[in-house]
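Please look at the sequence and the structure before reading on.

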Amino acid sequence: MTILAIESSCDETSAAVCVNGKIQSNVVATQLIHEQYGGVVPELASRVHQQRIVPVVERALHEANIQKNALTAVAFTRGPGLLGSLLVGTSFAKALALALDIPLIEVHHMQAHVLAHFIDEQTIPQFPFLCLTVSGGHTQIVLIRDHLDMEIIGQTQDDAVGEAFDKTAKLLNLPYPGGPLIDRYAQQGNPLAYPFPEVEMPGLDFSFSGIKTAFLYFLRDRMKANPDFIEQNLPDICASIQHTLIKILLTKLRRAARQTGIREIALAGGVSANSGLRASLADLGRQEGWNVYIPKFEYCTDNAAMIAMAAHFKYLKGEFTSQEVSPLPRW
């Protein structure tokens, strides 16, 4: 069972090869063109995907020492994501599968983030487990009963936490992508220097739009008194906003664990690369008696290895798709 997987949901063009459930290669080409615009420009993203997808796939096959005619399936991200970017990956996967006369497998991007835990044998949780899935577009608590049996039991009702990180970074005049820079500066600051409000949502749901507004007003008021406030206090500001965002996430995750009685806890998605979140979850896990699972950094952000792993389990169940398939940006 040799699967070529393609990921093109946003601004990373990635291809991976999986042989019998083992990742043999994972090539990721990140688009730097968006830095000058302060965020991902969808049209530019799709154009760069078109330029890079062939060389990225060729490199993935070369690193895995696999010839195209040895493939038994082609997998791709169907959604969610940017429509133009998804179209590139979907079209390439369909064409290759058709040319080789092999099955085609569609993969849900967020489901793949969860299944990234099964790439490395050291990060495999036991079923059932809870997964806090956090990215630029999603914030979810997912109950996983089996590889392909997942239920969202809590999610954001407005902005995702990754978006909150990036937009607060933009207010601080940090270059894109700002989330990792907030994490870096936060390591040097006092997380209790500036308190920010936490929006309480019913049940296990989240809301992050209010904290962004509060952060905007906080900076506006402080800079009226001191125009150099950000420059003079950047580490403390970053540490404080990151502390608040992490606290919101982990408060709901702890509530979910206590309500379900599940002690197997996982973290996934691009924001799971945040060192503050990883450390705080590990600390909370020790306090609560959880078994905590966090993927390696290279499997946190968007990559085709996680798409390949999801496709592996779908292949085992014979879950293939047809050539009539089209992208679902809001899947």
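An open sheet is built from five strands in the order β3-β2-β1-β4-β5, with mixed pairing. Its edge strands are β3 (22-30) and β5 (104-108); each has a single partner strand, so one side of each is left without a neighbour in the sheet. The model is a predicted one.

- Strands β2 (residues 12-19) and β3 run antiparallel and are joined by eight bridges.
- Helix α1 (residues 42-64) lies across β1 (2-7), β2 and β3, and runs at about 25 degrees to β2.
- Helix α2 (residues 83-100) also packs on the sheet, where it touches β1, β4 (73-79) and β5.
- The direction of α2 makes about 160 degrees with that of β4.

- Strand β7 (residues 139-146) pairs with β8 over six bridges, in the antiparallel sense.
- I144 stands opposite M150, which belongs to β8.

As background, the strands of a sheet pair through backbone hydrogen bonds, either parallel or antiparallel.

**Helix α7 and its contacts**

- Helix α6 (residues 209-225) packs with helix α7 (residues 229-260) at an angle of about 160 degrees, and their axes are 12 Å apart.
- Angles over 145 degrees count as roughly antiparallel, and α6 and α7 are therefore roughly antiparallel to each other.
- The crossing of α6 and α7 is right-handed.
- On the α6 side, the contact is made by I211, F215, F218, L219, R222 and M223.
- On the α7 side, the contact is made by F229, I230, I237, I241, T244, L245 and I248.
- The residues of this contact of α6 with α7 comprise eleven nonpolar, one polar and one charged.
- The axes of α7 and α8 cross at roughly 35 degrees and come within 10 Å.
- The crossing of α7 and α8 is right-handed as well.
- From α7, the residues Q242, I246, L249, L250, L253, R254 and R258 meet G276, L277, S280, L281, L284 and E288 in α8.
- The contact of α7 with α8 divides into seven nonpolar, three polar and three charged residues.

- An unreviewed UniProt entry places the feature "domain: Gcp-like" at residues 22-308.
- The span 22-308 is 47% helix and 17% strand, and its end C-alpha atoms lie 9 Å apart.
- Which residues does UniProt list for "binding site"? The unreviewed entry gives H109, H113 and D302.
- These residues span 194 residues in sequence, yet no two of their C-alpha atoms are more than 8.7 Å apart, so they gather at one spot.
- One of them, H113, has its place in helix α3 (residues 109-115).

Technical notes
Residues numbered from 1 in each chain as written. Predicted model: local features only at pLDDT ≥ 70, side-chain atom pairs only at ≥ 80, totals over all residues. Heavy atoms only, no water. UniProt positions renumbered as here; feature names shortened; annotations may be inferred. Helix = DSSP H or I, 4+ residues; strand = E, 2+ residues; numbered from the N terminus. Pairing = 2+ DSSP bridges. Contact = heavy atoms within 4.5 Å. Axes fitted to C-alpha atoms, helices over the stretch in contact; angles between N-to-C directions. Parallel < 35°, antiparallel > 145°, perpendicular 65-115°, else oblique. Left-handed = near helix turned anticlockwise from the far one by under 90°. Nonpolar A, V, L, I, M, F, W, Y, C, P; charged D, E, K, R; others polar.
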